[in-house]
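Here is a short report for a first look. Keep the sequence and the structure at hand while reading.

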Protein chains: 2
Amino acid sequence: MQSSPLMISGILHHAEVAHPDREIVSCVTDGSMWRYDYSAFAERVRRCANMLRDIGVRPGDRVTSLAWNTYHHMELFFAVPGIGAVLHTANPRLSDDQIAYTIVHAGSRALFYDPNLAEIVDRLRPKLVDVQSFVCLESNKTRNDPCYEPMLAAASSQLEWPRFDENEAAFLCYTSGTTGDPKGVLYSHRSVVLHAITAGLNSALGFSAFDCIMPCQSLYHATAWGLPFVAAINGCKVVLPADRFDGASLQQLIQEEEVTFSGGVPTIWTMYLNHLERTAETTGSLRQIVIGGSAVPRAMAETFQNRFGVQVRQIWGMTEMSPLGVLSTPTPKLAEAGQDVLDDTIWTRQGRRQFGVELKIVDEKGQELPSDGESAGSVLVRGPWVIERYYLSDASALDADGWFDTGDIATIDEYGFMRITDRKKDVIKSGGEWVSSIDIENAAVACPGVKFAAVVGVFHPKWEERPILIVEPHEDSTVTAEAMLAHLAPHMPRWWLPDVIIFETVPLTATGKIDKKVLRERHARRLVQDGAAA
Amino acid sequence: MQSSPLMISGILHHAEVAHPDREIVSCVTDGSMWRYDYSAFAERVRRCANMLRDIGVRPGDRVTSLAWNTYHHMELFFAVPGIGAVLHTANPRLSDDQIAYTIVHAGSRALFYDPNLAEIVDRLRPKLVDVQSFVCLESNKTRNDPCYEPMLAAASSQLEWPRFDENEAAFLCYTSGTTGDPKGVLYSHRSVVLHAITAGLNSALGFSAFDCIMPCQSLYHATAWGLPFVAAINGCKVVLPADRFDGASLQQLIQEEEVTFSGGVPTIWTMYLNHLERTAETTGSLRQIVIGGSAVPRAMAETFQNRFGVQVRQIWGMTEMSPLGVLSTPTPKLAEAGQDVLDDTIWTRQGRRQFGVELKIVDEKGQELPSDGESAGSVLVRGPWVIERYYLSDASALDADGWFDTGDIATIDEYGFMRITDRKKDVIKSGGEWVSSIDIENAAVACPGVKFAAVVGVFHPKWEERPILIVEPHEDSTVTAEAMLAHLAPHMPRWWLPDVIIFETVPLTATGKIDKKVLRERHARRLVQDGAAA
C-alpha cells in the first residue's frame, strides 16, 4: 500500500474538493459576522501559509495564537501545521504569568492575537523575548503591530502543501495547570488526523454532512475536541461564536444558522436554558449537545431531552488525550434495559470505550479491576493520540507497559460505561475510607436553588480528613444548610455527609472548572477553627 | 504522542472489551447454525492464532483460505494477521488453474478450506508444492486432512498479541484476472485499520452499535469491503450466510436475526426481490443496502425505497483500493435540489469522495478535468489504502506523482458525484467518437423483461468499431429486438444504438460480473459475418 502520510493539509484538501460549498460562519470580536465556504476557506489558508513563510516561520517553529473561536483562529489551525510549524494555542483566561510561561516555554517566534486581547499582549510583551512577529487578527489597523488581513491579501494563494513525516508536531497544547506550572503536550499530524476520523464515528460524535456544528468549547482547549478537523472531514457547516457564549448570542446563532450540534461545559448550557426560560423560545434545529468538563446536572439533561427533544451526551477526556477519551452514546444492551436505565447511564456516566483508546481501571498495585460498577481505581489509557511525554521533558509520562495514568479514579459498570468518582488529587480519605467528592457534588447540585457545589477534604484531628461542601446558590435562591443536608441524606452513607456547608461564590479556573486548590487553601483549617472536631 | 501501531489485533481487542456481548451468527456449510459473541469470538481467535503457531506458521508466512462467509473464515481474518502472517483469501469461483496460480504465486504454507470445497483442493493438491498444512474447516473429521475444530480445542486460549510495524502485510487479495493472470495486492495492518475506521463514517457505511450487518459480498473479495473490521470497530452484530445467497435463505436470516444492513452485487438483490414478490413478504428490519460491482437497476432501487423503505446506496472500488473508493450517500446540496435529483444521483452515480482517498479524473494528457458531469476521463486515486505495487512486482503501479490509474473512465457532476461511463478496456470507439457501453447497458436493463444486458464493441469495416448488445431475458419474457430498440432510442444518440441485438445467456465471471472478454471473443466477427457493414 502507498506510504501516504496522514497530514492535516489532507483534511483541508478533502474539505475543499469534497464539500467546497459548505459554510463556515463566524462571529468577529468587533461584533460583525463573517461567512464563507470551505473552498474560500482553503484559499485563505493557503494565503495564510504563504504569509507565515513570508515572515520567516519555518518547519518546526512554534507559533502562538491568543484568540477566541473565530475564522481567523480556524485558519491558523490549518495553515500553521500545514507548513510543518507548530500551533501553540495560548489560553487567554490564564493569569498573565501563566500565559507568558507557556509562550516562553513553547519558544514561539510569532504571536497572533485577537484585538480585544491586545491589553494582555502589551502587558506580556517585555517577557516574550523569542517572539519576533506580533500580528493582530484584525481587518483595519488600530495598533502598531502588523495586521492580519492586509498581510493575507498581500500573500500568494498558490501553494502545494508539503508532505512530511506524519509524526511531526502540529499543535502544542498546555494543561490548565491547577497543580503547578502548565505542561505542554505535542500533538502530531498522525494523532490529530486519527483522532479526528475516529471522533466522527457514531459511537462518538456521529457527524454527517447534514450537521451544522457550533463549538462552544474554546479552540484553545486541546483544539476544541478537534472539532475543526472532524467538521472538515465530514462536511459539516461550522458556526463560530467568537467569545460570546451568553444564552442570547448562542440562541441567535442556533436559530439563524440552524445549528444541529454543540458542545461545551455545563455552565454555558445553564445560561442557555435560562435564556430559553426567560424568552419562552425553543431549541429549533438543535439535535445534540455534548457536555464535558464537569458532571451534567440531571435536571439540565432532562429539560433538554424531555422538553426540547435535544439529546445530551457526556464526554470525558483531557489535553493529554487530544482530548477525547470516552463518550456516553447508547448501546443495544442499554436500550434493552429500558429508557430509565439508558437515560440514567447516558447522563451520569462519562461514557463508553471508543476505538483507538485502550482504557482500564487498576487498583493501587496495578491490578486491573472488574467492570462491576463498584470497584473504583485509577484510569489508565493507551493509544495513538495519548501523550508519550510532556513537551521538553526527558522523562516518559508512561508506565513500563506504555500506559498513561490520567489521575482520575473511576468505576466501569456492566454496560461498559465509565463513571469518574474522583480526581486523585481531590480524593478524600476519612477514617481510612474513600469519600467520593464528585458523588456529593452531583447530589448537591441537583438540590433546587444550587448553582455550583464543590466538596473538598480538609484536615480533621480525629478522622484525618472530612468533606466540607461549598455552595454557590442562584441569585434568587433561599436554600439553607438544613435543606441541603436533608436533600443529601438519602443519596449517600451517613458518614459522607459534609461536616460544614458554606455559602459563598465558588472560584473557577481559567478553563471554567471549579478551582478546588483555592477552596482547599481557603478552608484548610475550617474544622479546627470551628472546633467541629469531636 | 505514543507510537502505537495500528494493528488488526487492536480491532479485535476493542470488540472484546467494548462490546463483548454483541453477536456473530453464522450459517455453516453443513446446514447448521453457529452463534457466539465477540468475547467468545476473541477467545477462539486466540486459540486459532496459537494453533497456527503450533503448525509452524511464522510472521510473514502466507496462509490461504478457500472458504465462504462463515465464522471460521472470520476467525482466520483476525488470527492470521494477528500473529504477523498474511491471509491469502483464494476465490473458489475461479478456474482450477487460476486458484492454483494464486496459491502458488502467494507461496502459501498452509491452506484452510471449507468441506464443500474439498473437491477443488483434491484436484489442486499435486500443484500446491509449498503448502505444508491442509486443514479442513469442519467439526467432525470426514477427510484425511487435519480438522479445524479439534485443533482449536487443543490449542491454548492464552495469547498476548504481538505488536509490530503497522506497515507489515496482513492480507493478500488477488484481482479477478479477467485480463491475464490474477494480480496480488498486499494489504497492510495500517491500510486495513485506516480503511475500516473511515468506512464507518456517515459519508460511507455509517454503522452504529445498533446495526446488524449481513455481508453478501464474499469475504474472499477484497475482505468484503473490510466489513468484519468495520463491524468489530462499531460493535455491529454480524450475520454470515456462508454460501447461501438465494432469496429465501437471505430473507430467513434478515427476519430471524433482524438484519439492518447488507451489501453485494445487484444479482443477489434481484433474487431477493423475486423472493419477496413470490411470497408477499416484507423486508422487516432492513434499513440499507449498499450495492457494488455493477450499476444498480433503477427499478430495483425504487422498489426497495418506495415499497419497502430500504435505502439503496451505490459503492465503487476495487481490490487495489482495499476496496472502498466512493459511496453514494446524500449531501445537503443534493437534498436542496429535491427528491428526484437526489434519488437519481444516489442511484445512478457510483458515489462521492470519501476522506482518505484522493480522486481525480484526467484527460489523455493527464490534465485534470472539471466536475461538470460531461467531461469523461481516467479515474486516478491516491491514499493510504491504495496499492503501491502488485505483489512480487518490481515496478511501481503508480505514476510519477503517486497516482494509481484505476482503468475506469468517469465523469464527476456538480454535486461531486462520480459516474463510471466505461472501463478503459471496454471502451468502444466508433468513427473516432466514444460510445458509453455502460449507458447503453443501463438503458437496456431497464427495459421490461431484461435480466442481464451487455454491450461490447466489435470490429466494423467502416466505423472501426460498433456496439452490439447481448441480452439475457427473464424466463417468462417475450421481449423482442424491435421492442428493445424502441426502448433504447429515447435514451441515447442515434449512432449509439447497437447494430445487432443478440438474445442468449450472458456469461458471468467468478466474481459475478458480466464476462465481456468471452462475449468479445464470441462475437468478434459478428458484423462482418452478418454483412452488416455498409
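## A buried helix in chain B

In helix α9 (residues 247-257) of chain B, the buried residues are Gly247(B), Ser249(B), Leu250(B), Gln251(B), Leu253(B), Ile254(B) and Glu257(B). Buried means under 20% relative accessible area, exposed means over 50%, and partly exposed lies in between (1.4 Å probe, protein chains only). Helices (H or I, at least four residues) and strands (E, at least two) are DSSP runs, numbered from the N terminus. The cover over the buried residues of α9(B) includes β1 (23-27), β2 (33-37), β9 (212-215), β10 (237-240) and α10 (266-279) of chain B. Glu258(B) follows α9(B) and has a positive phi, near 55°.

The model is predicted: local features need pLDDT of at least 70, side-chain atom pairs count only at pLDDT 80 or more, and totals for chains, interfaces and linings use all residues. Residues are numbered from 1 along each chain as its sequence is written, chains are lettered from A and ligands numbered from 1 in the order in which they are written, and side-chain values use heavy atoms, with hydrogens and water left out.

## Helix pairs in chain A

Two packed helices are described by the angle between their axes and the distance between the axes. Axes are lines fitted to C-alpha atoms, for helices over the stretch in contact, and angles run from 0 to 180 degrees between N-to-C directions.

| Helix pair | Angle | Axis distance |
|---|---|---|
| α2 (residues 38-54) and α3 (residues 71-82) of chain A | about 65° | 9 Å apart |
| α11 (residues 298-308) and α13 (residues 339-348) of chain A | roughly 120° | within 10 Å |

α2(A) and α3(A) are therefore roughly perpendicular to each other. α11(A) and α13(A) are oblique. Angles under 35 degrees count as roughly parallel, over 145 as roughly antiparallel, 65 to 115 as roughly perpendicular and the rest as oblique.

Contact means heavy atoms within 4.5 Å. α11(A) brings Arg298(A), Ala301(A), Glu302(A) and Gln305(A) to the contact, and α13(A) brings Gln339(A), Asp343(A), Asp344(A), Trp347(A) and Thr348(A).

Tyr101(A) sits in helix α4 (residues 96-106) of chain A. Its relative accessibility is 29%, so Tyr101(A) counts as partly exposed. Leaving aside neighbours within four places in sequence, Tyr101(A) contacts Asp181(A) and Pro182(A). The C-alpha atoms of Tyr101(A) and Pro182(A) are 8.1 Å apart, while 81 residues separate the two along the chain.

Chain A is divided into domain 1 (17-189) and domain 2 (426-530). These bounds come from an automatic or database domain assignment. The centres of domain 1 and domain 2 of chain A, taken over C-alpha atoms, are 40 Å apart.
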